[in-house]
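Please look at the sequence and the three-dimensional structure together before reading on.

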Amino acid sequence: MLIDNHNRKINYLRLAVTDRCNLRCNYCMPSEGINFAKNDKLFTIEELVKLSEIVVSQGIDKIRITGGEPFVRKDLMVLLRKLAALNGLNDISITTNATLIGPHIAELKELGITNVNVSLDAINKQTFNKITRRDTYDTVHSNLIKLITEGFNVRINFIVLDNQNTEDIIPILELMKHYNVSIRFLEEMPFNGGSKEFSTIKWNYKSIFNHIKTTFPKIEKLESPATSTSINYKIKGHKSTFGLIPSFSRTFCSSCNRLRISATGDIITCLYAKPSANLRAILREGNSDESVKEQILKAVGSRAKTGFEAQEKYDGIFSNSMTSIGG
Ligand code: SAM
């Protein structure tokens with residue numbers, strides 16, 4: 001079992017399988033000039049499987065596949081088939097922009113991979129196009145509805161962006177009210193490949209809540225798992241639920257159970273922390289599984305207590321893009 005230096009149990013890995021994406025969300029990366037990693041700096045599928053086996057042997061029982069856009073990798077389903085057969089891995093989840101998932105929905109269901117987070121920051125097509133700098137709203141919407149109606153456990157991630165999509169907060173709650181889905185509103189974080197720097201945000205979880213409450217005064221707070229990053233609610237009469245994720249306010253660090261491995265193999269123990277070691281290099285240098293385990297133990301044993309403490313020690317935040325970290 002992985003226990004960090006603040007006595008937090010780590011059982012959840014977020015694994016970025018690529019840094020490439022077919023969208024260009026303006027809060028995540030610049031429109032061009034992005035230094036995507038060369039192919040040989042990304043893990044092969046065999047390496048991803050090996051790494052997963054190693055972390056599962058150390059007590060990780062949940063892996064979220066993220067990126068970049070995971071489905072940009074043509075060999076993604078090969079990895080998912082192998083992970084679905086991995087003993088000890090109880091939960092395989094995916095975070096996706098839902099542009100390319102359509103042809104794989106049936107097989108995902110067969111594999112039992114039903115936890116899918118869909119990123120959707122607007123339901124107004126023009127707003128969607130402006131944020132993502134691409135024109136794929138119709139595909140995303142139809143794949144989202146297909147996932148929900150096929151019985152997947154779907155959560156929508158909506159990043160609240162000042163002056164961009166706040167007019168869609170109430171409409172997305174209205175649009176989804178008859179569906180079994182959770183809409184999670186996230187605070188914007190400063191990982192955008194250097195597009196903009198900020199040290200405060202207007203739309204924090206409290207202002208998002210107040211905004212929603214103005215239109216929907218009858219809101220019930222729901223019980224959430226201890227390690228949940230979202231504070232969850234239900235609006236009276238809605239089948240859907242909604243959540244607020246204080247990703248910038250960082251109120252949930254004390255129960256954080258996550259470890260991240262970036263697309264190029266860096267171990268990241270907190271979104272706001274500097275990478276600890278590069279596992280791709282360690283794996284490729286022909287080291288034993290034990291050396292990989294040691295590096296993971298070392299990283300887990302020297303975690304910052306909070307995202308604020310991590311940020312104090314790291315001045316490279318604004319040049320980072322979530323497309324490499326994986327969210
Ligand atoms: N391509 C997939 C997707 O769109 O969900 C997975 C990768 S994406 C980097 C993972 C999550 O990070 C998405 O929900 C995205 O909205 C979020 N994200 C990216 N940049 C962010 C930022 N600057 N602040 C907050 N969330 C961000």
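What radius of gyration would a compact globule of 327 residues have, and what value does the protein have? The model examined here is a predicted one. For 327 residues, a compact globule would have a radius of gyration near 20 Å, and the protein has 19 Å, so its value agrees with that of a compact globule. The C-alpha trace spans about 55 × 45 × 40 Å along the principal axes of the protein.

Within these dimensions, the protein contains 11 helices and 13 strands. One way to describe how the chain is folded is to ask which parts of the sequence touch. Among the contacts with a separation of 6 or more, 72% are between residues 24 or more positions apart. The reader may keep this value in mind when the single residues are discussed.

The protein has an accessible surface of about 14500 Å², and carbon and sulfur atoms provide 48% of it. Of the 327 residues, 56% are buried. As for charge, there are 43 positive and 34 negative charges, and their mean positions lie 4 Å apart.

Which residues have the most contacts inside the largest nonpolar core? They are Phe185, Ile212 and Phe242, in a core of 79 residues. Helix H1, which covers residues 45-57, supplies the largest share of this core, namely 7 residues. Apart from this core lies another one, of 28 residues, which includes Cys25, Met189, Tyr272 and Ala273.

Ile148 belongs to helix H5, residues 137-149. Ile148 counts as buried because its relative accessibility is 9%, and the limit for a buried residue is under 20%. Beyond its neighbours within four places in sequence, Ile148 is in contact with Val154, Met176, Tyr179, Asn180 and Val181. Between the C-alpha atoms of Ile148 and Val116, which are 32 residues apart in sequence, the distance is 9.6 Å.

Ala84 is found in helix H2. With a relative accessible area of 34%, Ala84 is partly exposed. Its contacts, leaving aside neighbours within four places in sequence, are with Ile92 and Leu111. Gly112 stands 28 residues from Ala84 along the chain, and their C-alpha atoms are separated by 7.5 Å.

Where does Ser321 lie? Ser321 is in the loop between helix H10 (307-312) and helix H11 (322-325). Ser321 is buried, because its relative accessible area is 11%. Although Ser321 and Met29 are 292 residues apart in sequence, their C-alpha atoms are 5.9 Å apart in space. Ser321 also touches Met29, along with Cys28, Phe191, Asn192 and Gly193, when residues up to four places away in sequence are not counted.

Lys74 provides another case. This residue is located in the loop between strand E4 (62-66) and helix H2 (76-84). Is Lys74 buried or exposed? Lys74 counts as exposed, because its relative accessibility is 82%. From Lys74 to Asn11, a separation of 63 residues in sequence, the C-alpha to C-alpha distance is 28 Å.

The last two residues concern the backbone. Most residues other than glycine have a negative phi. Asn163, which is not a glycine, has a positive phi of about 65°. The loop that holds Asn163 runs between strand E7 (153-160) and helix H6 (169-175). Since its relative accessible area is 75%, Asn163 is exposed. Arg250 also is a residue other than glycine with a positive phi, near 55°. Arg250 lies in the loop between strand E11 (241-245) and strand E12 (258-261). Arg250 is buried, because its relative accessible area is 8%. Thus a positive phi is found in Asn163, which is exposed, and in Arg250, which is buried.

How values were computed: Residues are numbered from 1 along each chain as its sequence is written. This is a predicted model: local features need pLDDT of at least 70, side-chain atom pairs count only at pLDDT 80 or more; totals for chains, interfaces and linings use all residues. Side-chain values use heavy atoms; hydrogens and water are left out. Helices (H or I, at least four residues) and strands (E, at least two) are DSSP runs, numbered from the N terminus. The radius of gyration is taken over C-alpha atoms; the globule rule is 2.2 Å times the number of residues to the power 0.38. Buried means under 20% relative accessible area, exposed over 50%, partly exposed in between (1.4 Å probe, protein chains only). Contact means heavy atoms within 4.5 Å. Accessible areas come from the Shrake-Rupley method with a 1.4 Å probe; for residues, only the protein chains shown count as cover. Lys and Arg count as positive and Asp and Glu as negative; His and the chain ends are not counted. The place of a charge is taken as NZ of Lys, CZ of Arg, CG of Asp or CD of Glu. A nonpolar core is a set of buried Ala, Val, Leu, Ile, Met, Phe, Trp, Tyr and Cys residues joined through side-chain atoms within 4.5 Å.
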